[in-house]
Amino acid sequence: MALNFASLKLSSPFMTASGCSGYGWELNNLFPKVNYGAVTTKTITYKERKGNPPPRIFEIEGGVINRVGLENCGVFKFIDEHLPKLKKSGVNFIVSIYGENLEEWVEILKLLKGRGVKFFELNLSCPNLKNRIVQEDVGYVRRVVRSLRKFRGVKLIAKINAIHSPIELTKKLIEDGIDGIVCSNTFPCSFIFNGKIYDGGVSGRVIKPVVLKVVKELRKRFRIPLAACGGIYSKEDVDDYRKVGVDFFVLGSILLREPDIGKWLK
(Lines give C-alpha, C1' and ligand atoms only; values in the text may rest on other atoms or scores of the structure.)
Protein backbone atom coordinates (compact mmCIF):
# COMPACT_ATOMS: atom_id res chain seq x y z
CA MET A 1 0.00 0.00 0.00
CA ALA A 2 1.36 3.40 -0.96
CA LEU A 3 2.17 5.82 1.83
CA ASN A 4 2.22 9.59 1.56
CA PHE A 5 4.85 11.81 3.17
CA ALA A 6 4.47 15.48 2.24
CA SER A 7 2.81 14.34 -1.03
CA LEU A 8 5.72 12.01 -1.82
CA LYS A 9 4.21 8.57 -2.46
CA LEU A 10 6.32 5.88 -0.79
CA SER A 11 6.27 2.11 -0.98
CA SER A 12 7.84 1.98 2.49
CA PRO A 13 7.91 4.28 5.55
CA PHE A 14 11.73 4.11 5.69
CA MET A 15 13.94 6.82 4.21
CA THR A 16 17.67 7.42 4.30
CA ALA A 17 19.07 10.41 6.15
CA SER A 18 21.00 13.16 4.44
CA GLY A 19 24.73 12.55 4.65
CA CYS A 20 24.43 8.79 5.08
CA SER A 21 23.87 7.69 1.48
CA GLY A 22 26.03 10.01 -0.61
CA TYR A 23 24.26 11.65 -3.52
CA GLY A 24 21.60 8.94 -3.43
CA TRP A 25 22.43 6.96 -6.56
CA GLU A 26 25.38 5.19 -4.89
CA LEU A 27 22.91 2.74 -3.30
CA ASN A 28 21.57 1.68 -6.72
CA ASN A 29 22.67 -1.92 -6.28
CA LEU A 30 20.79 -2.14 -2.98
CA PHE A 31 17.47 -0.59 -4.01
CA PRO A 32 15.92 -3.84 -5.31
CA LYS A 33 16.83 -5.62 -2.07
CA VAL A 34 16.06 -3.09 0.64
CA ASN A 35 12.91 -1.54 1.96
CA TYR A 36 13.56 2.19 1.40
CA GLY A 37 10.72 4.42 0.29
CA ALA A 38 13.05 7.30 -0.56
CA VAL A 39 16.65 8.44 -0.31
CA THR A 40 17.79 11.87 0.81
CA THR A 41 20.91 13.28 -0.78
CA LYS A 42 23.78 14.77 1.14
CA THR A 43 23.21 18.48 1.63
CA ILE A 44 23.81 20.49 -1.54
CA THR A 45 25.13 24.04 -1.27
CA TYR A 46 25.49 26.76 -3.89
CA LYS A 47 29.27 26.51 -4.09
CA GLU A 48 31.43 23.44 -3.62
CA ARG A 49 32.40 22.80 0.01
CA LYS A 50 35.50 20.87 1.02
CA GLY A 51 34.18 20.31 4.52
CA ASN A 52 36.29 20.02 7.64
CA PRO A 53 39.75 18.47 7.64
CA PRO A 54 40.21 15.08 9.35
CA PRO A 55 39.36 13.72 11.83
CA ARG A 56 35.73 13.59 10.69
CA ILE A 57 33.90 10.51 11.94
CA PHE A 58 34.21 8.61 15.21
CA GLU A 59 32.23 5.64 16.46
CA ILE A 60 31.37 5.90 20.14
CA GLU A 61 29.39 3.73 22.51
CA GLY A 62 25.78 4.15 21.47
CA GLY A 63 26.36 6.23 18.37
CA VAL A 64 28.56 8.21 16.01
CA ILE A 65 30.17 11.65 16.14
CA ASN A 66 30.77 13.41 12.83
CA ARG A 67 32.26 16.75 11.85
CA VAL A 68 32.11 16.44 8.07
CA GLY A 69 30.99 20.03 7.53
CA LEU A 70 28.61 19.65 4.57
CA GLU A 71 31.21 18.48 2.08
CA ASN A 72 29.61 18.43 -1.37
CA CYS A 73 30.29 19.29 -5.00
CA GLY A 74 27.99 22.33 -5.18
CA VAL A 75 24.69 22.67 -7.00
CA PHE A 76 26.05 23.06 -10.55
CA LYS A 77 28.17 19.91 -10.47
CA PHE A 78 25.35 18.07 -8.71
CA ILE A 79 23.01 18.98 -11.57
CA ASP A 80 25.53 17.93 -14.23
CA GLU A 81 26.97 14.75 -12.70
CA HIS A 82 24.78 13.35 -9.94
CA LEU A 83 21.18 14.34 -10.63
CA PRO A 84 21.00 12.38 -13.92
CA LYS A 85 22.22 9.23 -12.16
CA LEU A 86 19.76 9.78 -9.35
CA LYS A 87 16.86 10.15 -11.76
CA LYS A 88 17.99 7.08 -13.70
CA SER A 89 17.95 4.99 -10.52
CA GLY A 90 14.15 5.25 -10.42
CA VAL A 91 14.06 5.65 -6.64
CA ASN A 92 12.10 8.39 -4.91
CA PHE A 93 14.48 11.08 -3.77
CA ILE A 94 14.61 14.23 -1.68
CA VAL A 95 17.37 16.77 -2.23
CA SER A 96 18.76 18.32 0.95
CA ILE A 97 19.85 21.94 0.53
CA TYR A 98 21.56 24.67 2.55
CA GLY A 99 22.28 28.29 1.71
CA GLU A 100 24.84 30.61 3.26
CA ASN A 101 22.32 33.42 2.89
CA LEU A 102 18.76 33.96 1.74
CA GLU A 103 19.80 34.54 -1.87
CA GLU A 104 21.62 31.20 -2.01
CA TRP A 105 18.65 29.28 -0.60
CA VAL A 106 16.46 30.75 -3.31
CA GLU A 107 18.95 30.22 -6.14
CA ILE A 108 19.66 26.59 -5.21
CA LEU A 109 15.97 25.72 -5.13
CA LYS A 110 15.32 27.64 -8.35
CA LEU A 111 18.10 25.80 -10.19
CA LEU A 112 17.02 22.37 -8.97
CA LYS A 113 13.33 23.02 -9.58
CA GLY A 114 14.26 23.93 -13.13
CA ARG A 115 15.77 20.43 -13.48
CA GLY A 116 12.60 18.74 -12.25
CA VAL A 117 13.33 18.33 -8.54
CA LYS A 118 10.13 18.59 -6.51
CA PHE A 119 11.03 17.50 -2.99
CA PHE A 120 13.47 19.47 -0.86
CA GLU A 121 14.78 18.99 2.65
CA LEU A 122 15.90 22.27 4.21
CA ASN A 123 18.92 21.63 6.41
CA LEU A 124 18.17 24.04 9.23
CA SER A 125 20.12 22.22 11.93
CA CYS A 126 23.62 21.18 10.89
CA PRO A 127 25.94 21.58 13.92
CA ASN A 128 29.14 21.45 11.86
CA LEU A 129 29.23 25.03 10.57
CA LYS A 130 31.31 27.97 11.73
CA ASN A 131 28.22 30.07 12.31
CA ARG A 132 25.51 29.12 14.78
CA ILE A 133 22.91 26.48 13.94
CA VAL A 134 20.39 28.02 11.53
CA GLN A 135 17.28 27.02 13.48
CA GLU A 136 18.43 29.09 16.47
CA ASP A 137 17.51 32.19 14.48
CA VAL A 138 13.77 31.67 14.06
CA GLY A 139 13.27 34.99 12.28
CA TYR A 140 15.81 34.08 9.62
CA VAL A 141 14.37 30.57 9.24
CA ARG A 142 10.94 32.05 8.65
CA ARG A 143 12.30 34.37 5.95
CA VAL A 144 13.94 31.40 4.24
CA VAL A 145 10.78 29.31 4.26
CA ARG A 146 8.57 32.16 3.12
CA SER A 147 10.93 32.93 0.24
CA LEU A 148 11.03 29.30 -0.90
CA ARG A 149 7.30 28.85 -0.43
CA LYS A 150 6.74 31.31 -3.29
CA PHE A 151 7.87 28.59 -5.72
CA ARG A 152 4.92 26.53 -6.90
CA GLY A 153 5.05 22.80 -7.43
CA VAL A 154 7.66 22.03 -4.76
CA LYS A 155 7.40 20.41 -1.34
CA LEU A 156 9.49 21.72 1.54
CA ILE A 157 10.56 19.46 4.40
CA ALA A 158 12.37 20.96 7.39
CA LYS A 159 15.23 19.02 9.00
CA ILE A 160 15.34 20.24 12.60
CA ASN A 161 17.08 19.10 15.76
CA ALA A 162 15.33 18.11 18.95
CA ILE A 163 17.12 20.47 21.33
CA HIS A 164 16.68 24.02 20.02
CA SER A 165 13.02 24.88 20.73
CA PRO A 166 11.62 22.32 18.25
CA ILE A 167 7.98 22.75 19.34
CA GLU A 168 7.92 26.51 18.93
CA LEU A 169 9.90 26.32 15.69
CA THR A 170 7.55 23.74 14.18
CA LYS A 171 4.54 25.92 14.97
CA LYS A 172 6.14 28.82 13.08
CA LEU A 173 7.21 26.59 10.19
CA ILE A 174 3.66 25.32 9.76
CA GLU A 175 2.37 28.89 9.75
CA ASP A 176 4.83 29.66 6.95
CA GLY A 177 3.78 26.70 4.81
CA ILE A 178 6.28 23.91 5.48
CA ASP A 179 5.06 20.53 4.16
CA GLY A 180 6.83 18.12 6.50
CA ILE A 181 9.22 17.76 9.43
CA VAL A 182 12.19 15.44 9.96
CA CYS A 183 13.36 15.34 13.58
CA SER A 184 16.18 15.11 14.49
CA ASN A 185 19.49 16.14 13.04
CA THR A 186 22.64 15.34 15.03
CA PHE A 187 23.10 17.04 18.41
CA PRO A 188 26.00 19.50 18.76
CA CYS A 189 28.80 18.11 20.92
CA SER A 190 32.49 18.39 21.72
CA PHE A 191 35.08 15.64 21.97
CA ILE A 192 38.81 15.23 22.50
CA PHE A 193 41.06 13.38 20.07
CA ASN A 194 44.82 13.18 20.52
CA GLY A 195 44.62 15.93 23.11
CA LYS A 196 42.78 18.40 20.86
CA ILE A 197 39.19 19.58 21.36
CA TYR A 198 36.82 19.28 18.38
CA ASP A 199 33.18 20.21 17.87
CA GLY A 200 30.83 17.90 15.99
CA GLY A 201 27.41 16.30 15.90
CA VAL A 202 26.40 13.13 17.71
CA SER A 203 23.83 10.67 16.42
CA GLY A 204 22.65 7.13 17.07
CA ARG A 205 20.99 5.39 19.99
CA VAL A 206 22.48 7.86 22.44
CA ILE A 207 20.07 10.57 21.22
CA LYS A 208 16.97 8.37 20.81
CA PRO A 209 15.32 9.09 24.21
CA VAL A 210 15.40 12.84 23.55
CA VAL A 211 14.12 12.50 19.98
CA LEU A 212 11.39 10.12 21.14
CA LYS A 213 10.17 12.69 23.67
CA VAL A 214 10.17 15.52 21.14
CA VAL A 215 8.42 13.66 18.30
CA LYS A 216 5.82 12.49 20.79
CA GLU A 217 5.09 16.13 21.64
CA LEU A 218 5.16 17.17 17.98
CA ARG A 219 2.64 14.50 17.08
CA LYS A 220 0.34 15.46 19.95
CA ARG A 221 0.31 19.11 18.91
CA PHE A 222 0.52 19.08 15.11
CA ARG A 223 -0.91 17.05 12.21
CA ILE A 224 1.91 17.81 9.81
CA PRO A 225 3.74 14.83 8.18
CA LEU A 226 6.45 13.83 10.64
CA ALA A 227 9.45 11.53 10.28
CA ALA A 228 11.60 10.42 13.22
CA CYS A 229 15.37 10.28 12.84
CA GLY A 230 17.53 9.22 15.76
CA GLY A 231 18.74 5.86 16.99
CA ILE A 232 16.79 3.58 14.67
CA TYR A 233 18.87 0.42 14.64
CA SER A 234 16.21 -2.30 14.90
CA LYS A 235 12.53 -3.18 14.54
CA GLU A 236 12.18 -2.50 18.27
CA ASP A 237 13.33 1.09 17.74
CA VAL A 238 10.77 1.50 14.96
CA ASP A 239 8.05 0.13 17.24
CA ASP A 240 9.01 2.61 19.96
CA TYR A 241 8.51 5.52 17.58
CA ARG A 242 5.24 4.05 16.33
CA LYS A 243 3.95 3.97 19.90
CA VAL A 244 4.25 7.77 20.09
CA GLY A 245 2.42 8.27 16.81
CA VAL A 246 5.20 8.46 14.23
CA ASP A 247 4.55 6.82 10.85
CA PHE A 248 7.78 7.58 8.95
CA PHE A 249 11.34 6.71 9.86
CA VAL A 250 14.68 8.10 8.68
CA LEU A 251 17.72 5.84 8.94
CA GLY A 252 20.99 7.59 9.66
CA SER A 253 24.19 6.41 11.32
CA ILE A 254 23.23 2.74 11.10
CA LEU A 255 23.63 3.01 7.30
CA LEU A 256 27.34 3.64 7.71
CA ARG A 257 27.67 0.15 9.14
CA GLU A 258 24.70 -1.68 7.65
CA PRO A 259 23.42 0.02 4.48
CA ASP A 260 20.99 -2.82 3.74
CA ILE A 261 19.27 -2.72 7.15
CA GLY A 262 16.04 -1.75 5.42
CA LYS A 263 15.41 -5.33 4.36
CA TRP A 264 15.08 -6.33 8.02
CA LEU A 265 12.66 -3.55 8.96
CA LYS A 266 8.92 -3.50 8.49
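## Exposure and the predicted model

A residue is buried under 20% relative accessible area, exposed over 50%, and partly exposed in between. The model described here is predicted. S7 has a relative accessible area of 38%, so this residue is partly exposed. N194 reaches 71% relative accessibility, which is over the 50% cut-off, and therefore counts as exposed.

Most residues other than glycine have a negative phi, and most peptide bonds are trans.

S7 has a positive phi, near 75°, and is not a glycine. The residue sits in the loop between β1 (3-5) and β2 (8-10). N194 is another non-glycine residue with a positive phi, here about 50°. Its loop runs between β11 (187-193) and β12 (196-203).

From P54 to P55 the bond is cis, with omega near 5°. P55 belongs to the loop between β4 (39-40) and β5 (57-60).

Strands of a sheet pair through backbone hydrogen bonds, either parallel or antiparallel.

L122 has A158 in β9 as its bridge partner.

## The largest pocket

Rolling a probe the size of a water molecule over the atoms shows where empty space is left. The largest pocket holds about 650 Å³ of space. Its lining has 34 residues, and S18, G19, C20, N66 and T186 are the closest to the centre. Two elements, β6 (63-66) and β8 (119-123), each give two or more residues to this lining.

By class, the lining of the largest pocket divides into 14 nonpolar, 16 polar and four charged residues.

## The second largest pocket

The second largest pocket has a volume of about 340 Å³. Its lining counts 14 residues, with R49, N52, N128, L129 and K130 closest to the centre. Three of the lining residues are nonpolar, six are polar and five are charged.

Definitions and conventions:
Residues numbered from 1 in each chain as written. Predicted model: local features only at pLDDT ≥ 70, side-chain atom pairs only at ≥ 80, totals over all residues. Heavy atoms only, no water. Helix = DSSP H or I, 4+ residues; strand = E, 2+ residues; numbered from the N terminus. Buried < 20%, exposed > 50% of the residue type's maximum accessible area, 1.4 Å probe, protein only. 1 Å grid on protein atoms, 1.4 Å probe; cavity = no way out; pocket = protein on both sides within 12 Å on 5 of 7 lines; lining within 4 Å. Points joined across faces, edges and corners; volume = space filled by probe spheres on them. Nonpolar A, V, L, I, M, F, W, Y, C, P; charged D, E, K, R; others polar. Pairing = 2+ DSSP bridges.
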